[in-house]
Amino acid sequence: MLNIEHLSKSFGEKKAVDDLSLHILPGEIFGFIGHNGAGKSTTLRCAVGILQFDAGSVLINGTSLAEDPVKCKRELAYIPDNPDLYDFMSGIKYLNFIGDIFAIPAGVRQERIRKYAGIFELTEDLAQPISAYSHGMKQKLALISAWLHEPKLILMDEPFVGLDPKASHLLKEMMREHCDAGGAIFFSTHVLEVAEKLCDKVAIIKQGKLVKAGTMEEVKGDDSLEEVFLELEEE
Amino acid sequence: MLKVLLKKQLAEVFKGYFYDAKKNRMRSKGAVIAWFVFFGVIMICILGGMFTALSLSLCGGLTQAGVGWLYFLLMGGIAVILGAFGSVFNTYSGLYLAKDNDQLLSLPIPVRTVITARLVNVYLMGTLYSSMVLLPALIVGWAVAGATAARVICGILLFLIVSFLVLILSCLLGWVVAKISVKLKNKSFITVLAALVFIAAYYLIYFKANFLIRDMLTNAAVYGSRIKGAAHVLYLFGRIGEGDWLSTVLFTVVTAILFLLIWIGITRSFLKLATAGGAAAKKRYTEKAVKAKTPFRALLSKELIRFTSSPNYMLNCGLGVLIIPICGVLLLIKGGEMLSALNDVFAAMPDAAAVLLCTGLCMIASMNNMAAPSVSLEGKSLWIPQSLPVEPGTVLRAKGAMQLLLSGVPLVFASVCGAIVLDASPAARLFCVLLPLAFSLFYAGCCTALGVRMPLLSWTNELVPIKQSGAVVIVLFGDWILCIAMAGLYLLGGHRIGAVPYLLIWTVLFAALGVLLLRWLDTRGAERFQAL
């Protein structure tokens with residue numbers, strides 16, 4: 001579903017991502033962990049076509065992101081760590097805007113908005129301007145917009161930040177359902193307990209380099225993910 | 001505690017003098033001094049100079065007519081109005097909308113101290129504005145009518161009374177604005193409308209000022225006796241400047257009582273209003289049928305929503321939407337006369353009025369440059385268009401299309417009005433419509449291209465990209481230079497080929513450049529946008 005090969009990205013002198021390769025298969029929830037500034041967000045932003053990378057390639061369902069970015073972007077959804085949405089729109093206008101961009105027929109769109117806004121209990125607030133939303137509400141709206149076009153691949157940067165416990169639980173369920181239906185999810189997190197329980201595979205990044213990746217069992221063995229992560233950080 | 005809060009307040013007010021929002025860093029010492037000198041020059045030389053001139057023109061005549069009090073009434077009145085209106089929005093935003101209200105209220109600071117600090121800030125701003133009028137007025141008054149001890153002491157007290165009246169009025173108006181804005185719908189449009197009314201009133205008074213002053217001086221005695229009889233309080237107010245102790249004591253006491261009442265009112269309502277951020281009636285969502293749009297139309301619609309959501313954006317980059325049609329109507333009413341006069345002046349150059357009409361229309365069109373700051377206004381939301389499955393060129397085209405739509409349609413109306421009243425050949429009339437249309441295509445492309453070439457994405461206040469970005473400044477002045485060149489070249493020698501061929505050349509040039517710019521937006525402009 002998502003093949004990242006030898007990806008490198010620098011900001012001036014600083015190498016943010018260094019020769020990173022990752023393969024995410026359909027049905028997988030892939031966790032991406034690392035300390036602050038390790039290169040997680042940069043990798044995600046490169047993988048969705050926001051940042052142009054210096055070397056390597058990103059393939060989404062076999063299509064090169066560099067060669068056909070629009071086709072690739074149709075297959076995916078992205079949620080950044082801080083969902084700065086269009087504050088000047090209402091929630092429903094934003095969702096309809098996303099629906100129009102992804103050419104979702106009006107009827108289907110309404111049905112999905114009803115479903116996902118209902119799940120996150122945001123229906124009543126959809127007429128409110130986004131500027132009046134709390135961080136958590138913006139995060140919920142970003143999640144609804146990501147699921148709205150039922151993408152095959154979802155990339156999320158710290159998706160649980162700002163969500164209340166119920167919404168976090170619902171998101172985990174939705175992530176599992178999405179992958180059980182053949183989709184794939186690649187997300188970064190600092191909450192290692194969540195990664196340990198939720199992810200099929202995990203990758204650990206340090207100073208832009210991949211230091212460990214594989215199935216959860218392969219990465220952590222008999223230890224906890226936290227122990228492995230801290231051990232790798234100290235090396 | 002109060003001192004700390006006041007220091008913070010003043011640092012906030014003068015933040016722009018210490019911090020460069022464009023470069024996102026503190027200014028150097030030299031730059032800070034230069035900014036303060038610039039501010040001082042503007043306030044003292046321009047505003048102060050203007051009111052010194054006004055004082056000089058009024059004081060002598062009114063004093064000689066035996067109504068010196070009318071002079072102080074007028075200048076005091078202007079000081080109160082300027083001070084109150086100059087700081088009313090500052091009062092509203094500084095008192096009730098301050099971003100740190102929540103933070104300060106959560107700290108162990110008495111609410112009264114927070115209010116006092118805010119009010120001192122309002123007082124200082126109001127006094128700054130009113131002093132630009134009253135200080136020169138008092139000095140001129142003392143110089144013309146003599147500076148006795150009573151006149152000087154009462155004059156100083158008049159200054160203090162006016163500064164407190166400004167504070168009282170600012171607080172009252174600020175409170176009204178706060179009350180209204182809690183319940184108001186369509187805030188953006190109402191703000192724009194209020195600003196337009198204010199601008200119109202300002203220019204009306206500005207253009208009539210000479211007449212009003214002459215009328216006042218001619219009929220000083222008549223107006224004086226009328227005011228003295230019908231509005232004795234105003235007479236007493238003016239008498240303070242003349243050193244009348246009774247009036248001074250009376251107004252000092254009344255002002256103190258009014259201030260006390262305002263203080264009680266504010267301390268009682270402050271908490272409720274300052275924390276009423278989301279108090280507006282919540283609009284509940286009800287499902288409505290939606291009509292799917294193409295990605296381009298969705299992007300265009302998003303740009304239009306962005307434009308209409310911000311009074312700053314509309315006032316600074318879109319006044320032409322209103323002004324261009326108004327010009328069209330004015331052309332229908334007065335245009336025939338004006339254009340035939342131009343034809344008479346340039347009798348040696350046939351159809352010169354057609355060229356000048358096109359020039360005028362293109363110049364007015366430059367009032368609409370909403371595409372120029374549009375890329376910058378994406379700000380932190382830039383990740384949305386960059387991660388969505390749309391060509392970056394389509395995103396940029398939508399920005400240009402918004403400007404073309406909001407300028408082109410009013411411009412066609414105005415140019416058709418012009419063509420109707422223009423006394424010229426049918427071909428010249430036709431080009432009076434085609435040329436402005438081609439120009440609006442070129443101008444929209446130009447604004448969008450410069451917007452993506454010179455983006456300003458790290459802003460914290462939207463006014464920075466709207467008013468101060470290089471793209472906006474260049475398109476505004478560049479357009480005027482281009483239009484002057486278009487008219488100048490015709491008058492200098494272009495008329496030899498005739499107006500119609502001359503207009504044809506410019507129409508083709510603008511259309512061709514417009515198409516080239518669109519092509520650039522689709523290719524290199526798109527690359528730049530994606531790389532931002």
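In strand S10 of chain A, the bridge partner of A:Ile204 is A:Lys212. S9(A) and S10(A) pair in the antiparallel sense, over 6 bridges. Two strands are taken to pair if DSSP finds at least two bridges between them. Helices (H or I, at least four residues) and strands (E, at least two) are DSSP runs, numbered from the N terminus. The model is predicted: local features need pLDDT of at least 70 and side-chain atom pairs count only at pLDDT 80 or more, while totals for chains, interfaces and linings use all residues. Residues are numbered from 1 along each chain as its sequence is written, and chains are lettered from A and ligands numbered from 1 in the order in which they are written.

S9(A) and S10(A) belong to an open sheet of 6 strands. The order is S6-S7-S8-S3-S9-S10 in chain A, with mixed pairing. Strand S6 (76–79) and strand S10 (209–215) of chain A stand at the edges. Each has a single partner strand, so one side of each is left without a neighbour in the sheet. Neighbouring strands are turned by 15° against each other on average, direction ignored. Axes here are lines fitted to C-alpha atoms, for helices over the stretch in contact, and angles run from 0 to 180 degrees between N-to-C directions.

Two helices of chain A are seen against this sheet. H6(A) packs on the sheet and touches S3, strand S7 (153–157) and S8 of chain A. Its direction makes about 140° with that of S8(A). Helix H9 (residues 225–234) of chain A also packs on the sheet, touching S3, S9 and S10 of chain A. The direction of H9(A) makes about 25° with that of S9(A). Residues are in contact if their C-beta atoms, placed from the backbone, lie within 7 Å.

Strand S3 (residues 29–33) of chain A is mostly covered, with 5 of its 5 residues buried. A residue is buried if 20 or more other C-beta atoms lie within 10 Å of its own, exposed if 12 or fewer, and partly exposed in between, with C-beta atoms placed from the backbone. Both faces of S3(A) are covered. A:Ile29, A:Gly31 and A:Ile33 lie on one side, A:Phe30 and A:Phe32 on the other. S3(A) runs parallel to strand S8 (residues 184–188) of chain A, joined by 4 bridges. A:Gly31 has A:Phe187 as its bridge partner in S8(A). S3(A) also runs parallel to strand S9 (residues 201–206) of chain A, again through 4 bridges. There, A:Phe32 stands opposite A:Ala203.

Chain A is assigned domain 1 (2–75 + 151–234) and domain 2 (86–150). The bounds come from an automatic or database domain assignment. The domain centres, taken over C-alpha atoms, are separated by 24 Å. The contact takes 9 residues from domain 1 and 11 residues from domain 2. On the domain 1 side, helix H6 (residues 165–180) of chain A supplies the largest share, 4 residues. That side divides into 7 nonpolar, 1 polar and 1 charged residues. Ala, Val, Leu, Ile, Met, Phe, Trp, Tyr, Cys and Pro count as nonpolar, Asp, Glu, Lys and Arg as charged, and the others, Gly among them, as polar.

Between chains, 32 residues of chain A are in contact with 27 residues of chain B. Helix H2 (69–74), helix H3 (91–101) and helix H4 (106–119) of chain A each supply at least two residues of the chain A side. H3(A) gives the most, with 6 residues. By class, the chain A side has 18 nonpolar, 6 polar and 8 charged residues.
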